[in-house]
Amino acid sequence: MAEKYIARSSALAARLLGSEMMIMSADSTFFMLNEVASAIWQAADGLTPLSEIVDGKICQEFDVNQEQAHRDAERFVDELSQYCILLVSDKPLIEFPAAQVSR
Amino acid sequence: MSLLAEMNEKALKLGVPISVHLDVTYRCNERCVHCYLDHDDHGEMTTAEVTDVLEQLADAGVFFLSLSGGEVLMRRDFFEIVERARQLRFNVKIKTNGVMIHQKEAARFRELGVEQIQISVYSHLPEVHDAITKLPGSLKRTIRAIRFLKSQGLKVTIANVLMAGNFSDQAGVIALAKELGAHYTLDPTITPKMDGDRSILALRIPGSALKQVFHNPDLVGNVEEFCAPPPPAGEDIMEGHPCSAGHTACYISPYGDVFPCVQFPLPSGNLRRQKFLDIWRHSPQLNEVRSIRAKDLPTCSTCSHVGTCTRCPGLAFMEGNMRGPSTADCEKSFQRTGIPSANMLLRTGSIHASPLIQIQCLS
């Protein structure tokens, strides 16, 4: 299965509130990500493969089953990419300005 | 509960300032008759200072950022400020009179991902609008700006401040907003000047006009529901706080002064001397504002409107007591429901009237 690379879109507003990420998309849809989803979103630097984010971060920091975590992460990424909140590619998104991280 | 309401509740619980209104300048190219500001520049924050403040606000958890003035575009570095704000992922709303916005500026706002632009329009008639702004040709330029912004696909809201002199043009402004594809919002509140001068309050619309506004289904939706007598206040209301000022929101002036709200001129700290989070967490003034519950309001806690009134603690403060009534809001509650507020009854010597007798005033 091909690797997925994910990067945060720069066209939205986002802020961490407690452990949850608030996001307002470009079309003014409001989202709140739970703690696990927020961790994936924050790690979405365009360079780290999704599988590595799940294995190296999510499974280490949260009490989750690895197989289930991969399935949930795939579904989460697909859903957010439909709203253009996450950019997804099968190659590293090296041109994406990932400097503005998780304030 | 909506997601936004859930977020507000969480921010309140965590003590996070989720919304900040930052005036980047008090300078303006219009001289609106009702404006509460002193337009001289007494030492605005520099670009570097504003940038530093934005970074502090992001670190403090601020999500909604309103940039206003004065006229924001009087600052040559305004786009630099907006760009930095968007890099920091704020949800940015801009308030402007629009007269300096052309195609180029509108395109830049779109590129930067500004959420919404609010533009003041006082009338659909140039002679009325321009007489209020005291800038000849201003309505024409403002409408042109709205067209530029809409052509970029931006969300524009027309803010219609209602005064005695433009009240009859309200329907015309609504029609203009519709024609331009803009949202419409009205505000019948005229506040004293920041130096305490109350002379501009004479511009307020009379009570009878306020009543018309509150009974207009195009503006308030279900009139019967909107104008219904207030239900009895329970413990949750009496233990509640009046508004978001100082709780999840605050205001910052172009000089770095922090206040609970733009309408609440209680100086609570200065960002040239203190860090934002120190002011937000430890200012005695903000902590005093936060400590006030509805049950602590000497007159308002006895008022039948206590649970539904739009009482503004800032306007009450400007009347002399942040725990006192705001007479403008007493008037709104009265014109909306026909039931006088406790403060109105107190002034006419009827404070001891029972709730039943207050209801009789309706007929």
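## A look at chains A and B

In β3(B), B:Ile94 is the bridge partner of B:Leu67. This is a predicted model, where local features need pLDDT of at least 70, side-chain atom pairs count only at pLDDT 80 or more, and totals for chains, interfaces and linings use all residues. Residues are numbered from 1 along each chain as its sequence is written, while chains are lettered from A and ligands numbered from 1 in the order in which they are written.

Back to that bridge: strand β2 (residues 64-68) of chain B pairs with β3(B) in the parallel sense, over four bridges. Strands here are DSSP runs of E with at least two residues, helices are runs of H or I with at least four, and both are numbered from the N terminus. To count as paired, two strands need at least two bridges found by DSSP. Strand β3 (residues 91-96) of chain B is mostly covered, with five of its six residues buried (20 or more other C-beta atoms, placed from the backbone, within 10 Å of the residue's own).

Both strands belong to an open sheet of nine strands in chain B, ordered β6-β5-β4-β3-β2-β1-β7-β8-β9, with mixed pairing. The edges are β6 (183-187) and β9 (269-270) of chain B; each has a single partner strand, so one side of each is left without a neighbour in the sheet. Here are two of the pairings:

| Strand pair | Sense | Bridges | A bridge pair |
|---|---|---|---|
| β2(B) and β3(B) | parallel | four | B:Leu67 and B:Ile94 |
| β8(B) (residues 257-259) and β9(B) | antiparallel | two | B:Val258 and B:Gly269 |

Now the helices. Helix α2 (residues 47-60) and helix α3 (residues 78-87) of chain B pack at an angle of about 20°, their axes 10 Å apart. Axes are lines fitted to C-alpha atoms over the stretch in contact, and angles run from 0 to 180 degrees between N-to-C directions. That makes α2(B) roughly parallel to α3(B) (an angle under 35 degrees). On the α2(B) side, the contact uses B:Thr47, B:Val50, B:Thr51 and B:Leu54, and α3(B) brings B:Glu80, B:Ile81, B:Arg84 and B:Ala85. Contact means C-beta atoms, placed from the backbone, within 7 Å.

How many residues of chain A are in contact with chain B? There are 14, and they meet 18 residues of chain B. On the chain A side, β2 (13-17), β3 (20-24) and β4 (30-33) each give two or more residues. β2(A) gives the most, with four residues.

Notes
Contact = placed C-beta atoms within 7 Å. Parallel < 35°, antiparallel > 145°, perpendicular 65-115°, else oblique. Buried ≥ 20, exposed ≤ 12 C-beta atoms within 10 Å, placed from the backbone.
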